[in-house]
Amino acid sequence: MGKISINAVFAANLRRRMDAAGLSQVSLGKRAGVAQRSVGNYLNPKEREAGAKGKEPSAKLTEMAMIADALGVEPWEMLIPEASERDASVEKFVLELSALFRGMPSKAQEALLEQARILHKATRSEELQ
């Protein structure tokens, strides 16, 4: 298996999350406080020219963090390669749950987590029988 470019991973995650949120380059740029041109560059890393020393251009960490925040995810989540179709369908639910969870007060988050643990334990017990 060949090495995957971190720029390609960021671009794929950026495109997928923008599509899921219904955001254009312009609207994401405004929301994130990043130039639309930067968003476009990050979406199309192969179209950017290497530097004088042949180094592949990459996203600025501060802009990547601003974009991730605008999309409601942690910056490191933008650097994880997509795995399988099954994982991608699970990720869709994770993204929605994550966005809902982040919008809740901390006490509601704690209560929801406790309920999820109880449900998980109950379903695991049923699987083992």
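Contact here means heavy atoms within 4.5 Å. By that rule, and not counting residues up to four places away in sequence, Leu71 touches Leu14, Arg17, Met18, Leu23, Leu28 and Met78. This is a predicted model, in which local features need pLDDT of at least 70 and side-chain atom pairs count only at pLDDT 80 or more, while totals for chains, interfaces and linings use all residues. Residues are numbered from 1 along each chain as its sequence is written, and side-chain values use heavy atoms, with hydrogens and water left out.

## The nonpolar core

A nonpolar core is a set of buried Ala, Val, Leu, Ile, Met, Phe, Trp, Tyr and Cys residues joined through side-chain atoms within 4.5 Å. Buried means under 20% relative accessible area, exposed over 50%, and partly exposed in between, with a 1.4 Å probe and protein chains only. Helices (H or I, at least four residues) and strands (E, at least two) are DSSP runs, numbered from the N terminus.

The largest core has 18 residues, and Phe10, Leu14, Leu28, Val39, Ile67, Leu71 and Met78 are those with the most contacts inside it. Each of α1, α2, α3 and α4 supplies at least two residues of this core. The largest share, five residues, comes from α4.

Helix α3 has the buried residues Ser38, Val39, Gly40, Tyr42 and Leu43. Their cover includes α1, α2 (25–32) and α4 (61–71).

## The aromatic pair

How many aromatic pairs does the structure hold? There is one. The rings of Phe10 and Tyr42 have their centres 5.8 Å apart and their planes at 70 degrees, so the pair is edge-to-face. The rule behind this is that rings of Phe, Tyr and Trp (its six-membered ring) pair if their centres lie within 6.5 Å, with planes under 30 degrees apart counted as stacked, over 60 as edge-to-face and the rest as tilted. Phe10 lies in helix α1 (residues 6–21) and Tyr42 in helix α3 (residues 36–43), so the pair ties together parts that are 32 residues apart in sequence. Phe10 and Tyr42 are both buried.

| Residue | Relative accessible area |
|---|---|
| Asn13 | 1% |
| Val9 | 7% |
| Asn7 | 9% |
| Leu23 | 11% |

Asn13 is placed in helix α1. Its side chain makes a polar contact with the side chain of Arg16 at 2.4 Å. A polar contact is a pair of N or O atoms within 3.5 Å; within protein, one must be able to donate a hydrogen and the other to accept it, and residues adjacent in sequence count only if both atoms are side-chain atoms. Residues up to four places away in sequence aside, Asn13 touches Glu77, Met78, Leu79 and Ile80.

Val9 is also found in helix α1. With the same exclusion of residues up to four places away in sequence, Val9 touches Ile4, Met78, Leu79, Ile80 and Pro81. Val9 and Met78 are 69 residues apart in sequence, and 7.5 Å apart in space from C-alpha to C-alpha.

Leu23 lies in the loop between α1 and α2. Apart from its neighbours within four places in sequence, Leu23 is in contact with Met18, Leu28, Arg31 and Leu71.

Asn7 is found in helix α1. Not counting residues up to four places away in sequence, Asn7 touches Tyr42, Pro45, Glu56, Pro57, Ser58 and Ala59.

## Cavity and pocket

On a 1 Å grid over the protein atoms alone, a cavity is a set of points where a 1.4 Å probe fits but cannot get out, and a pocket is an open set with protein on both sides within 12 Å along at least five of seven lines; lining residues have an atom within 4 Å of a point. Grid points are joined across faces, edges and corners, and a volume is the space filled by probe spheres set on the points.

The structure holds one cavity of 30 Å³ or more. About 30 Å³ of space lies in the largest cavity, which is lined by Asn7, Phe10, Asn41, Tyr42, Pro45, Arg48, Pro57, Ser58 and Ala59. The elements giving two or more residues to this lining are α1 and α3.

The largest pocket holds about 370 Å³ of space. Of the 18 residues that line this pocket, Arg17, Ala20, Ala21, Leu71 and Leu95 are the closest to its centre. At least two lining residues come from each of α1, α4 and α5 (85–102). Helix α5 gives the most to the lining, with eight residues.
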